[in-house]
Amino acid sequence: MKVALVVHVSGQDPSVKEEKSSRQTRRSLLVNVHFLQKVLEDNLNEALKTLKLSSADSASDSVEGCLDCLLKALAQNNAEASEKIQEMGALPLLPSLLSTQSPCTPKVANIIAEVAKNEFMRSPCVEAGLIPPLVQLLNSKDQEVLLQTGRALGNICYDSHEGRRAVDEAGGAQIVAELIKSMAHNCEPANGKLLTVFCGMLMNYSNDNDSLQAQLINMGVIPTLVKLLGIHSENTALTEMCLIAFGNLAELESSKEQFAATNIAEELVRLFRKQVEHEKKEMIFEVLAPLAENDVIKLQLVEAGLVECLLEVVAQTVDSDREEDVAQLKTASDLMVLLLLGDESMQKLFEGGKGSVFQRVLSWVPSNNHQLQLAGALAIANFARNDGNCIHMVDTGIVQKLLELLDRHVEEGNVTVQHAALSALRNLAIPVVNKSKMLAAGVSDVVLKFLQSEMPPVQFKLLGTLRMLIDTQADAADQLGTNVKLVERLVEWCEAKDHAGVMGESNRLLSALIRHSKSKDVVRTVIQSGGVKHLVTMATSEHMIMQNEALVALGLIAALDLDAAEKDFVGANLVQVLHKLLSDERSAPEIKYNSMILICAVMGSEPLHKEVQSLAFIDVVSKLRSHENKTVAHQASLTEQRLTAQS
């Protein structure tokens with residue numbers, strides 16, 4: 001209603017007249033709204049009564065008038081009108097009106113679609129038997145019938161187990177999948193709208209339901225949807241619906257093979273390049289992340305030029321404080337790291353260490369942005385997955401960049417950056433030729449700055465990095481092995497039962513310090529710090545490699561300083577442990593061999609010698625003389641002789 005302008009013709013203040021007029025207008029509007037609501041309610045009641053009487057004749061004008069009234073009421077207040085339709089028992093009348101020959105059919109399907117927008121109406125729609133006739137309508141040639149039917153089925157399926165089950169039993173998903181496939185090449189606007197509705201219906205049908213998603217995958221919907229993305233790239237609504245469907249389906253491992261057989265990588269990268277809005281890019285990212293977990297698709301995405309797009313996003317957002325830009329920077333850099341997890345995609349981007357992408361990623365490490373520092377360090381760790389790459393990177397000064405990065409994060413630093421940088425150093429330290437270079441660069445000194453960290457992920461990588469560095473490096477093992485603070489911290493972590501990884505790595509580093517240094521000073525430091533009992537426990541590990549490392553280290557302790565270790569050996573029940581290892585048929589040949597070496601080494605200790613005699617080791621050892629492994633059999637003969645001579 002228009003409000004008339006008040007013209008000032010008397011001495012009265014015009015604002016008073018305007019206020020009075022405004023109150024009258026509001027009152028008039030309220031009266032009109034209530035009147036309209038009453039009329040609509042009366043009309044709805046009348047229409048539902050008429051529908052009950054006339055539903056047998058779907059062609060009658062009275063039925064069509066009733067349907068128009070229902071649609072009007074639903075448009076005015078959907079929830080109230082839906083409740084009224086349910087109360088009046090109108091839903092069971094609708095199946096008979098869903099006929100391909102009836103002119104009322106599109107309106108009936110539209111009413112069902114509107115009603116099913118309400119969660120409380122979806123189960124009643126199923127119970128009223130609406131699904132089978134709706135599915136039958138999918139065979140219609142009438143576009144309006146198909147459109148409203150697709151909407152109705154999609155809305156009934158939304159977050160409804162009953163709706164999905166009913167559509168599944170009626171074979172609705174299969175028909176819709178075939179319709180989408182047959183309509184894919186038609187680019188008319190009306191067809192695009194219908195495809196969008198059908199894609200939405202399949203999405204609602206399968207959302208958060210692995211078995212129904214697997215069913216769609218088996219129907220071959222993935223190649224069809226990828227085709228739609230290419231043919232209808234200008235149709236925003238349809239491409240968005242395809243992206244949402246991809247996001248759902250890509251979570252299933254079984255979908256990856258089908259996606260890899262399409263040109264999904266090219267289509268997504270092409271679509272990404274066209275986007276300027278943050279939300280649209282985010283939608284594509286949500287599809288790319290699960291797809292990029294597959295190594296074949298990783299390579300396809302790299303070849304399609306995704307990396308260049310990601311680098312551009314990083315460049316555009318790195319200096320921004322806007323929340324959406326910070327989020328996009330993280331997503332782009334995380335996805336970049338994910339692409340490097342594939343061997344082929346990683347090697348393609350490395351390009352012998354001369355690749356432009358590799359160089360750009362390296363420039364992230366000295367950045368002031370924590371997210372880029374993290375992504376840069378993780379990228380180096382991923383590039384450092386073969387000896388050739390590691391050697392090249394160490395020779396070109398990457399270690400120094402990582403050490404400078406770690407130095408920036410010693411005091412109250414970012415834990416994820418610390419973890420990533422240590423991971424990169426650990427990987428770079430694996431090739432033998434790199435170890436001495438990295439030690440000379442001061443890697444161990446910087447790593448030791450994190451010895452007081454209370455964060456298990458950092459502790460774990462710190463231990464792994466030191467263990468890799470000292471492998472075959474006697475001087476470094478000697479220097480670190482006599483570092484009392486380090487050894488005491490290792491002994492402390494050997495008891496970290498809540499963090500199995502840290503506990504295991506601590507034991508392995510303790511053993512490695514002894515094995516690689518072969519130093520009496522290191523052995524004495526380990527004994528004085530209380531490390532012997534942990535090495536004895538390590539010998540009982542379920543991992544054969546750890547058992548063996550422990551036995552070799554214990555053998556060196558016995559050989560280099562048996563007197564100092566004697567008390568700890570007795571306290572840790574070393575002899576009983578060795579008896580069990582030799583008696584166990586499942587023990588590997590190396591374990592049996594090193595156990596016998598250790599038995600011989602401890603015979604010089606009187607209390608240990610007595611324990612060996614009391615456990616009748618000769619019986620166990622004599623059986624091993626016929627062992628299939630010649631080295632074990634030979635050592636059994638030598639051990640038996642030693643035991644006999646000292647019995």
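1. N248 counts as buried because its relative accessibility is 17%, where buried means under 20% relative accessible area, exposed over 50%, and partly exposed in between, with a 1.4 Å probe and protein chains only. The residue sits in helix α13, which covers residues 236–249; helices here are DSSP runs of H or I of at least four residues, strands are runs of E of at least two, and both are numbered from the N terminus. If neighbours within four places in sequence are left aside, N248 is in contact with M203, N207 and Q213, a contact being heavy atoms within 4.5 Å.

2. On provenance, this is a predicted model, in which local features need pLDDT of at least 70 and side-chain atom pairs count only at pLDDT 80 or more, whereas totals for chains, interfaces and linings use all residues. Residues are numbered from 1 along each chain as its sequence is written, and side-chain values use heavy atoms, with hydrogens and water left out.

3. Helix α15, made up of residues 264–274, has I264, A265, E267, L268, V269, L271 and F272 as its buried residues. The elements against which these buried residues pack are α12 (221–231), α13, α14 (253–260), α16 (278–291), α17 (295–303) and α18 (306–317). Helix α13, listed among these partners, is also the helix that holds N248.

4. M121 belongs to helix α5, residues 119–127, and it counts as buried because its relative accessible area is 0%. Not counting residues up to four places away in sequence, M121 touches S82, Q86, L91 and V115.

5. Which residues that are not glycine deserve a look for a positive phi? D159 has a phi of about 55 degrees and is placed in the loop between α7 (143–157) and α8 (161–169), where its relative accessible area of 58% makes it exposed. A616, with phi near 50 degrees, lies in the loop between α37 (606–614) and α38 (617–623), and its relative accessibility of 37% classes it as partly exposed.

6. H392 is found in helix α23, residues 387–395, and is partly exposed because its relative accessible area is 23%. Apart from its neighbours within four places in sequence, H392 is in contact with F350, G352 and G353. G555 is found in helix α34, residues 544–571, and at 16% relative accessibility it counts as buried. The C-alpha atoms of G555 and M596 are separated by 9.8 Å, and the two residues are 41 residues apart along the chain.

7. The domain assignment of the chain gives domain 1 as 477–565 and domain 2 as 573–646, with the bounds coming from an automatic or database domain assignment. The C-alpha centres of domain 1 and domain 2 lie 22 Å apart, and 12 residues of domain 1 are in contact with 15 residues of domain 2.

8. Turning to the whole chain, there are 39 helices and 0 strands. The radius of gyration of the chain is 38 Å, whereas a compact globule of 647 residues would have a value near 26 Å; the radius is taken over C-alpha atoms, and the globule rule is 2.2 Å times the number of residues to the power 0.38. The C-alpha trace spans about 120 × 70 × 50 Å along its principal axes.

9. Of the 647 residues in the chain, 54% are buried. Among contacts with a separation of 6 or more, 71% are accounted for by residues 24 or more positions apart. The accessible surface of the chain comes to about 30100 Å², and carbon and sulfur atoms hold 51% of that surface; such areas come from the Shrake-Rupley method with a 1.4 Å probe, and for residues only the protein chains shown count as cover.

10. How far apart are the mean positions of the positive and negative charges of the chain? The 60 positive and 82 negative charges have mean positions 1 Å apart, where Lys and Arg count as positive, Asp and Glu count as negative, and His and the chain ends are not counted. The place of each charge is taken as NZ of Lys, CZ of Arg, CG of Asp or CD of Glu.
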